[in-house]
Amino acid sequence: MDFIKANKLSNSKLCLQESICHHLRYSLGKEWKDRNVRDLFLALTLSLRERLLGKMLATEARHQKAGAKRLYYLSMEFLIGRSLGNNMYNLEIFDVCKEALQEMGVDIEEIREQETDAGLGNGGLGRLAACFMDSLATLKMPGYGYGIHYEYGLFRQEIDNGYQKEKPDYWLPNAVPLQIKRADEACIIPMYGRIEHITDLAGHDNPMWMDWKVVIGIPYDIPVVGYGGETVNYLRLFAAQPSSKFDIEIFNKGDYLRAMEQMIESEKISKILYPSDMLETGRELRLMQEYFLTACSLKDIVRRYLKDHKNFDQFSGKVAIQLNDTHPSLAVVELMRILVDENEVPWEKAWKITQQTMAYTNHTLLSEALEKWPVSLMEYLLPRHLQLIYEINQRLLKEVASIWPDDVNRLKRMSLIEEGEVKQVRMAHLAIAGSHSVNGVSALHTELVKNSLVPDFYERWPERFNNKTNGITPRRWLLKANPLLSDLLKQTIGDRWVTDLDQLRSLESYAKDISFQKEFLRIKQANKCRLQKIIFETARVNVSPDTLFDIQAKRIHEYKRQLLNVMHIIDEYLCLIEDGVEPVVPKTYIFAGKAAPGYWAAKQIIKLINNVGKIINRDDRVKDMIKVVFIPDYRVSLAEKIIPAADLSEQISTAGTEASGTGNMKFALNGAITIGTLDGANIEIMEEVGKDNIYIFGLKTKKIQEINRLKSYRPLDYYHRHKGIRRVMDALQGDRFCPEEPGLFKWIFRYILDQGDSYFHLADFMSYKKAHAKAGKEYKNSSLWAQKAILNVARMGKFSSDRAVSQYAREIWNIKPVQED
């Protein structure tokens with residue numbers, strides 16, 4: 001309307017100060033003299049919220065006016081970390097805010113520490129989704145994230161006597177007040193019930209989903225601002241609430257306790273990220289969460305589309321849906337249900353629309369991570385969806401049989417239903433069948449998806465398969481995480497790299513510049529000093545920033561091989577105290593990462609790291625040549641402090657197991673040199689930075705595949721052949737590192753020598769040790785090391801999420817930027 005004008009707030013220092021004081025008084029009801037740090041945090045956030053919401057509404061108006069095709073990115077995780085600092089950087093007002101608060105007698109860093117990391121994700125999957133949201137907004141693309149509004153995150157990790165202890169991560173009370181509740185756009189989601197077959201007037205079977213229970217999905221929007229502040233998209237998260245319609249009958253009968261139980265049952269869907277699936281109730285809740293996400297998302301997407309369209313003829317031309325791994329695969333079936341059951345779209349047309357709309361990203365090659373759901377559980381929770389899955393499967397197998405007649409084994413391999421003692425629905429197969437694009441996330445990973453994981457599907461639809469190597473946002477992982485280095489880069493080559501990371505190539509000419517090297521190393525030292533303080537505060541270990549900081553920070557998993565890292569540390573320690581051979585250079589080994597609560601082996605590895613650290617750190621013979629530290633509760637805000645301090649980045653997964661990795665990119669972008677295998681994106685990092693600027697070791701994927709095929713790996717041969725390996729393994733079998741808990745680590749000896757060493761620790765050990773020796777030797781030459789580190793930074797342009805998102809937009813989603821008028 002004419003009298004409603006755009007509210008364009010000034011970002012001047014005075015205006016920001018006035019806005020903070022306004023919100024302190026009128027939003028929080030506090031006088032300036034009664035303020036505390038928390039009050040100022042909230043007042044500053046509310047001041048930014050005003051600016052974000054105005055821009056978000058303007059962005060939406062532009063998208064509507066342009067009739068733009070929109071991307072909807074469905075993910076069970078969005079690991080967004082903290083928002084306040086990121087918003088200030090992307091609005092380009094961080095320095096103004098800092099000065100405004102300084103004049104008010106307030107330290108901006110003290111304010112920022114008030115915020116808790118949002119508990120909306122766990123690892124690389126969720127962090128990738130968050131990076132993509134940042135890039136979509138920066139590139140002015142109409143793209144929106146869809147997820148679950150978890151009340152509790154994965155868990156808060158504490159270390160007690162070396163063991164991981166999980167504490168509730170109730171993050172919401174200390175979150176930034178950015179969320180906008182959209183109760184008027186709530187989604188009604190049916191679950192459970194039964195199918196009744198009714199014959200319609202034309203004599204056709206008409207399955208009716210009856211007696212379902214209802215859960216309400218309430219959307220909450222979190223603004224996502226692109227760099228420069230022009231585009232503000234949003235992340236829409238759904239919280240589960242009970243339906244008053246199905247509770248009221250129980251209340252009326254006076255069974256209040258049962259009514260409360262049903263209310264709690266409904267709300268637990270969005271209560272916690274990744275509930276344990278070790279019990280049947282946990283598995284049911286996981287499946288419920290995945291359906292809740294996809295059903296809420298599809299209802300919302302269809303509702304938005306039908307506001308401007310009378311039928312579904314243009315649906316795939318206006319809507320792109322990206323499935324971030326297999327968790328949202330039910331979106332394929334849910335869209336079919338909406339089209340066929342609710343809107344009477346003929347099956348063939350509905351299937352074509354679905355395939356043209358959906359795209360699937362695979363993130364794993366590990367069989368245990370490829371989701372399968374028992375048919376019995378699917379039938380109990382989603383009876384109509386199971387019917388539709390069977391129909392999709394029947395048509396798929398009919399098509400396969402027509403192309404490859406009499407190939408029964410191929411039919412078994414491609415079926416959406418895995419036969420066996422417990423029939424299961426293969427969710428990856430469903431996603432592939434129902435999508436027009438299937439992508440891997442590194443060049444190696446994509447080839448393995450095509451040729452090892454699902455070769456039959458690749459043979460049927462080779463045109464669907466493509467690679468989109470992962471990327472990271474330089475705004476979060478360099479501009480915000482490493483302000484000292486960012487300032488140096490701006491002073492040296494300008495600031496265009498913030499939105500065009502390829503501009504870092506200009507740094508190459510400074511790699512041998514002695515004065516630039518000195519400043520680069522001074523900044524690295526300052527970041528190490530910052531981490532030194534954090535280590536003492538969190539782990540109570542004194543470390544020296546003058547040592548080489550060797551860091552492995554990532555989820556704890558056998559295939560990521562933290563165990564190989566510890567084995568090498570033990571070898572260095574034993575060489576020092578038994579052979580008198582000192583490490584080439586003094587080192588501080590730093591670990592961080594969480595193990596899944598039910599993952600016994602991973603939790604035992606955490607215990608081993610802490611025990612090895614305890615023994616080595618207290619041994620006077622070591623003379624501070626080796627220190628071992630485990631920093632608890634790894635999260636985004638902690639990663640932003642750990643990564644800039646790294647000298648050496650451990651990316652040592654068994655070749656052929658890591659889909660891509662993004663930690664490898666973050667470390668290299670901040671001037672750490674990688675020691676790693678030819679796995680995931682390490683290969684492409686090597687191609688970009690050059691073989692002389694990375695330390696590669698270990699077996700290659702093809703060799704490991706050959707060994708596995710021939711079953712020729714004999715860990716005992718390595719044990720008997722190499723004294724160092726034998727000494728390490730014997731130390732683990734004995735009680736050297738568990739004197740208070742005898743026999744604690746015997747399982748590792750058996751796991752590697754008796755059970756086959758699935759992840760090739762011993763096969764790669766000597767090569768790993770050699771790579772470490774080379775890295776240590778070159779670290780002593782500070783000029784050479786600085787040159788290698790600078791070239792790593794300079795050559796990371798390919799690994800920007802802006803590049804990745806641009807490729808998705810051009811080659812899969814067919815969406816375009818929407819500029820300001």
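In the predicted model, helix α22 (residues 562-579) packs against helix α29 (residues 723-733) at an angle of about 100°, and their axes lie 9 Å apart; the axes are lines fitted to C-alpha atoms, for helices over the stretch in contact, with angles running from 0 to 180 degrees between N-to-C directions. The two helices, α22 and α29, are therefore roughly perpendicular to each other, in a scheme where angles under 35 degrees count as roughly parallel, over 145 as roughly antiparallel, 65 to 115 as roughly perpendicular and the rest as oblique. Helices (H or I, at least four residues) and strands (E, at least two) are DSSP runs numbered from the N terminus. On the α22 side the contact (heavy atoms within 4.5 Å) involves M567, I570, D571, L574, C575, E578 and D579, which meet K723, G724, R727, V728, M729, A731 and L732 of α29. This contact comprises eight nonpolar, one polar and five charged residues, where Ala, Val, Leu, Ile, Met, Phe, Trp, Tyr, Cys and Pro count as nonpolar, Asp, Glu, Lys and Arg as charged, and the others, Gly among them, as polar.

Helix α31 (residues 761-779) and helix α32 (residues 782-794) cross at roughly 110°, with axes that come within 7 Å, which makes α31 roughly perpendicular to α32. Residues A775, E778 and Y779 of α31 make this contact with S782, L784, W785 and K788 of α32, and by class it has four nonpolar, one polar and two charged residues.

An automatic or database domain assignment divides the chain into domain 1 (1-66 + 92-116) and domain 2 (474-802), the centres of which, taken over C-alpha atoms, are separated by 40 Å. Both domain 1 and domain 2 contribute at least three residues to the lining of the second largest pocket. On a 1 Å grid over the protein atoms alone, a pocket is an open set of points with protein on both sides within 12 Å along at least five of seven lines, a cavity is a set where a 1.4 Å probe fits but cannot get out, and lining residues have an atom within 4 Å of a point.

The second largest pocket has a volume of about 1200 Å³, a volume being the space filled by probe spheres set on grid points that are joined across faces, edges and corners. Among its 44 lining residues, E109, R112, K480, P483 and R530 lie nearest the centre, while α21 supplies the largest share, seven residues. The lining divides into 16 nonpolar, six polar and 22 charged residues.

Five cavities of 30 Å³ or more were counted, and the largest cavity has a volume of about 200 Å³. Of the 17 residues lining the largest cavity, I80, N86, P223, V224 and R476 lie nearest its centre.

Residues are numbered from 1 along each chain as its sequence is written. Because the model is predicted, local features need pLDDT of at least 70 and side-chain atom pairs count only at pLDDT 80 or more, whereas totals for chains, interfaces and linings use all residues, and side-chain values use heavy atoms, with hydrogens and water left out.
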